[in-house]
Amino acid sequence: MAIFGTSYDYFLGYALSGGGARGFAHLGTLKVLEQYGLKPNVIAGTSAGALAGVFYADGYHPDEIVELFRKREFREFVSFTIPRTGFLKSTGLHQFLKKNLRAKSFEKLQLPFYAVATDWERARTVTFSEGDSLVDAVVASCSVPIVFNPQMINNVPYVDGGILKNFPVTVIRKRCRYVVGVNVSLMIPPAEKESIRTMVERTFNLMSNANTLIDKSSCDILIETTGLEKVSMFDLHSQNQIMESGYHAAAEAMSQKRSLEIVRRCHRHALLEEKVKSRLQQITIGMNNK
C-alpha cells in the first residue's frame, strides 16, 4: 500500500536465493525476521528460494514448511526418464506443490510473490507473478539443467532461475523501500572425490555465485549463511542443521545498528498504514450510512 505519495509499490520485500537443500536456511532466517516483528509486503524467490517463498507467501509458518519436508527422500520429488534433456522429471515436486499449496494461482496467495526462472530458448531471466501457472512456475524455477527436464509453460521450456539470477534482489529492488536479501548459496570447495553429482553441484555453484554481485550490493539488509559448504544441494536429511545456520546468520545480521534502524522504520510504517486503513474504513462506513 503506497501512502503519502511514496513512489514504492511495497515498503518491505524479501529476496530469497537458490541453493538446493541449503534453502532450508531460509526458514531459519524467516523465523528470526518474524521475531523482530517484520512481515514482508512482497517476496521474490529463485529455485530453493522460490520453494520456501511460495509457501511463506501462502501463509505457512517456517516450522510448518519444514514439517512438510520432514522425513522425505529426494527420490519422492523426482522420477527417472530416458535422458534427452535431463535425467529426472520433477513430477513428484509438481504433485507435492499441487497437494500442499492452498492457493491455486498467484493472486490467491496471501502475499505478492515472484518466481524467477530462465527461458531456455531465449537465454533470459523471466519472472512469474500472476495467473494460474503458480505450481509450474515454482517447478521451473527449481529445474536444474541436465539433472531435470525443463518445465514447459505455454510451450516454452524453462529451467532453474539460478543460471542467470540466483539472488533475485534486483527483481523487486526498484519497487521496494527496503529489501532484505537472504543468500544461502556461498562458494563451495571442490569435492574430495569427484562424481557426476559433485560436478553438477560445483558447476552450478560457480555459475550462480558469478551472477550475485550486483544483487548483494542492492540489499538494505544482507543475510548470508555460512557453514553449509559440505551440505549437498540434494540433501534432505539435514534440515535442522541447515535451518539453525540460517537462524544464527539472521540473528547476527539483524543485531546490527543499520538493521535495527530499518526494523524501527518498518514498524513505524506498519502502524501508520494501519491508521490510514482504519480512517478510510470509517469514512467509507460514514458515506454508506448517509
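**Salt bridges and cores**

The salt bridge count here comes to 10. Keep in mind that this is a predicted model.

I'll start with helix 11. This helix spans residues 257–289 and holds both Arg 264 and Glu 261, 3 residues apart, about one turn of the helix. Their side chains form a salt bridge, 2.5 Å from N to O. Glu 261 also meets Arg 265 in a salt bridge, at 2.9 Å.

Arg 264 is partly exposed at 43%, and Arg 265 is partly exposed at 26%.

Next, Glu 224 and Lys 216. They form a salt bridge, with the closest N and O atoms 3.1 Å apart. Glu 224 has 27% relative accessibility and so counts as partly exposed; Lys 216, at 23%, is partly exposed too. There is also a network of salt bridges linking Asp 119, Arg 122 and Arg 124.

Now the nonpolar side. The largest nonpolar core has 66 residues. Among those with the most contacts inside it are Tyr 14, Leu 97, Phe 113 and Ile 223. Which helix gives the most to this core? Helix 2, residues 48–57, with 7 residues.

Phe 113 touches, among others, Ala 50, Gly 53, Val 54 and Ala 57, along with Phe 106, Phe 128 and Leu 134.

A second, separate core has 11 residues, including Tyr 10, Tyr 114, Cys 176 and Cys 219.

Technical notes:
Residues are numbered from 1 along each chain as its sequence is written. This is a predicted model: local features need pLDDT of at least 70, side-chain atom pairs count only at pLDDT 80 or more; totals for chains, interfaces and linings use all residues. Side-chain values use heavy atoms; hydrogens and water are left out. A nonpolar core is a set of buried Ala, Val, Leu, Ile, Met, Phe, Trp, Tyr and Cys residues joined through side-chain atoms within 4.5 Å. Buried means under 20% relative accessible area, exposed over 50%, partly exposed in between (1.4 Å probe, protein chains only). Helices (H or I, at least four residues) and strands (E, at least two) are DSSP runs, numbered from the N terminus. Contact means heavy atoms within 4.5 Å. A salt bridge is a side-chain nitrogen of Lys or Arg within 4 Å of a carboxyl oxygen of Asp or Glu. Lists of a residue's contacts leave out its neighbours within four places in sequence.
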